[in-house]
Amino acid sequence: MPENILVTGGAGFIGSHLCEALLAQGHKVLCLDNFCDFYDPQIKMTNISECRKQPNFSLIECDITDLDELSKAFSYYKIDLVVHLAAMAGVRPSIQNPELYEKVNVAGTLNLLQLCKIHGIGRFIFASSSSVYGNNAKLPFSESDNVDNPISPYAATKKAGELLCHTYHYLDKMSIICLRFFTVYGPRQRPDLAICKFASLLESGEALPVFGDGTSSRDYTYIGDIIQGVMRSIQYVQDHLCYEIINLGNDRGIGLLDMILNLEQVFHKEARLDFRVPQDGDLPHTLADISIARRLLGYQPRTSFAQGMQSFAEWWKCRLS
């Protein structure tokens, strides 16, 4: 049954893909974004250019830390469910500006949960992160692992968001799923993320910075698979009174040097590498145990890394033409 769904951060990388998927299913989409200068706001406008042509799409330019403006949006629009993707992202920038990360990721999340309570909105999806696992030596990362030792302000704010969500589930009987995303990549990826950065450097002939010895690895998850998981989560909170924390990953790790090799293959260029000391806050490895996602959501990632990188490269070259 079509619903009115608010997507915060809806003009971003994941958000814009989600808006398209929701519109394709006949939902009314309220896309809320503040178009901040973390990267070029025009990129976000391009992300949602097709969505804006749809009659069921509304764009709300608003900051989740501005409670007065946010309250007006909640009062004006009928909202059945919130998918909260808006956040200050990135481990390294959070170390430089922890106050901003706390304001957006913690206080902003609290604003949304409180407004859901006030307006009787009982379903909420929260975008968490694999960063919460910190230096967990056990692989793969499981939702039952202890995550009380974050190694960056970003990770700490995402853990705090999960705790706030549990509080509102317990006190107000809200159905909530916290999705721990694992290194999402694909068309429209944010320009600050490694694959985008490396593609740009590779195209310009500059050296690629490799922090550490290149043995670090990530559970790269293709955007289409992530959207599958989010859509199934939306259906789950419609059908269940729940509080769940669920990993959304690809169930396999890709080494940094293997990622670079894939880039070389899809761009038909040879990379020059600039090895540097490891960065504070970076996890050496991430790998998702997705058994809960499979069991509860029927989630199954289908896109191989080679396929995903080919799609990314095609998008990258198209945007430059």
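**Exercise 1.** Is Arg188 buried or exposed?

*Solution.* Before starting, note that this is a predicted model, where local features need pLDDT of at least 70 and side-chain atom pairs count only at pLDDT 80 or more, while totals for chains, interfaces and linings use all residues. Residues are numbered from 1 along each chain as its sequence is written, and side-chain values use heavy atoms, with hydrogens and water left out.

Step 1: find Arg188 in the loop between β7 (184-185) and α7. Helices (H or I, at least four residues) and strands (E, at least two) are DSSP runs, numbered from the N terminus.
Step 2: get the cut-offs. Buried means under 20% relative accessible area, exposed over 50%, and partly exposed in between (1.4 Å probe, protein chains only).
Step 3: Arg188 has a relative accessible area of 16%, so Arg188 is buried.
Step 4: check the backbone too. Phi of Arg188 is near 80°, which is positive in a residue other than glycine.

**Exercise 2.** Now try Phe35: what is its phi, and where does Phe35 sit?

*Solution.* Step 1: look in the loop between β2 (28-33) and α2 (41-47).
Step 1: phi of Phe35 comes out near 50°, a positive value for a residue that isn't glycine.
Step 2: with a relative accessible area of 11%, Phe35 is buried.

**Exercise 3.** Work out the strand order of the open sheet.

*Solution.* Step 1: two strands pair if DSSP finds at least two bridges between them.
Step 1: walk across the seven strands and you get β3-β2-β1-β4-β5-β6-β11, with parallel pairing.
Step 2: at the edges you'll find β3 (57-61) and β11 (243-248), each pairing on one side only.
Step 3: from one strand to the next, the twist averages 20°.
Step 4: Contact means heavy atoms within 4.5 Å.

**Exercise 4.** How many residues of β1 are buried?

*Solution.* Step 1: sort the side chains. Asn4, Leu6 and Thr8 point one way from β1, and Ile5 and Val7 the other way.
Step 1: five of the five are buried, so β1 is largely enclosed by the rest of the structure.
Step 2: β1 pairs with β2 in the parallel sense over five bridges, and Leu6 has Leu30 as its bridge partner in β2.

**Exercise 5.** What does the side chain of Ser152 reach?

*Solution.* Step 1: Ser152 is in the loop between β5 and α6 (153-172). That loop also holds Pro140, and the peptide bond from Leu139 to Pro140 is cis, with omega near -5°.
Step 1: the Ser152 side chain reaches the backbone nitrogen of Ala155 at 3.1 Å.
Step 2: leaving aside neighbours within four places in sequence, Ser152 is in contact with Val91 and Ser94.
Step 3: Ser152 is buried, at 7% relative accessible area.

**Exercise 6.** At what angle do α7 and α9 pack?

*Solution.* Step 1: axes are lines fitted to C-alpha atoms, for helices over the stretch in contact, and angles run from 0 to 180 degrees between N-to-C directions.
Step 1: α7 (residues 194-204) and α9 (residues 256-267) pack at about 50°, with their axes 11 Å apart.
Step 2: that makes α7 oblique to α9. Angles under 35 degrees count as roughly parallel, over 145 as roughly antiparallel, 65 to 115 as roughly perpendicular and the rest as oblique.
Step 3: name some of the residues that meet, including Phe198 and Leu202 in α7 and Met259 and Leu263 in α9.

Conventions
A polar contact is a pair of N or O atoms within 3.5 Å; within protein, one must be able to donate a hydrogen and the other to accept it, and residues adjacent in sequence count only if both atoms are side-chain atoms.
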